[in-house]
Amino acid sequence: MMTKQTNTIQSSLYHLSYTAIAATVAAIAAATSTALQLPVWAMFIGWVAFFTHGLNVRHTITNLICVWLGIAIGMAAGAALSTIGPTFGAGALPFVVFVVAMVVVSLRNLPKINNLLCYFLGLVSFFASHYTPSIENFSVLAGAATIGSIAGLTSLLIQNSTLNKTKSLQT
């Protein structure tokens with residue numbers, strides 16, 4: 001028979017274990033990103049993207065594709081700003097933002113790759129990086145986001161397999 005105190009201790013240990021797993025996986029993902037010379041902050045964009053929709057392998061891939069497309073759209077917007085900025089002056093930014101917003105928000109109707117949050121996370125990733133548009137820079141941002149999404153999935157899978165077994169032993 002479980003007492004209220006025993007139940008509270010077990011609940012606290014479960015919470016601590018869940019947190020420790022996530023923290024450990026995050027630390028490994030940060031170390032991996034650093035070792036690969038990828039920005040750790042961009043890795044966490046991928047981690048956040050993982051948790052936006054459907055916590056499984058299929059949605060991890062879908063979410064990542066949306067982030068990658070968001071990065072690519074951001075790069076296209078950056079290139080457009082460089083091209084039309086001298087001609088349009090201060091009007092270039094609002095014009096490009098309008099066009100990008102029209103494109104990205106309209107993608108919500110696509111059958112599979114329709115995660116607007118992930119598109120915007122990709123855009124944020126590109127613009128926060130202050131990188132110039134290039135395949136190399138795309139690879140850096142996409143690689144970091146991929147590590148983050150894989151880390152989020154790994155954390156969840158370890159938490160589910162480890163802690164669900166522990167929880168079933170307690171009942």
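In the predicted model, Phe98 is located in helix H4, which spans residues 92–106. The relative accessibility of Phe98 is 54%, and the residue therefore counts as exposed, the cut-off for that class being over 50%. Phe98 also contributes to a nonpolar surface patch of about 480 Å², together with Phe95, Val99, Met102 and Val103.

With a relative accessible area of 14%, Asn137 is classed as buried, since the limit for burial is under 20%. Its side chain reaches the backbone oxygen of Thr132 at a distance of 2.8 Å. When neighbours within four places in sequence are set aside, the residues in contact with Asn137 are Met75, Tyr131 and Thr132.

Backbone geometry was examined in two loops. Most residues other than glycine have a negative phi. Gln37, a residue other than glycine, has a positive phi, near 60°. Gln37 is placed in the loop that connects helix H1 (4–35) and helix H2 (40–50), and its relative accessible area of 71% makes it exposed. A positive phi near 60° is likewise computed for His130, again in a residue other than glycine. His130 occupies the loop between helix H5 (116–129) and H6. At 71% relative accessibility, His130 is exposed.

Conventions: Residues numbered from 1 in each chain as written. Predicted model: local features only at pLDDT ≥ 70, side-chain atom pairs only at ≥ 80, totals over all residues. Heavy atoms only, no water. Buried < 20%, exposed > 50% of the residue type's maximum accessible area, 1.4 Å probe, protein only. Polar contact = N/O pair within 3.5 Å; in protein donor to acceptor, adjacent residues only side chain to side chain. Contact = heavy atoms within 4.5 Å. Patch = residues over 30% accessible without salt bridge, like charges linked within 9 Å, V, L, I, M, F, W, Y side chains within 5 Å. Areas by Shrake-Rupley, 256 points an atom, 1.4 Å probe, with all protein chains shown as cover. Salt bridge = Lys/Arg side-chain N within 4 Å of Asp/Glu carboxyl O. Helix = DSSP H or I, 4+ residues; strand = E, 2+ residues; numbered from the N terminus.
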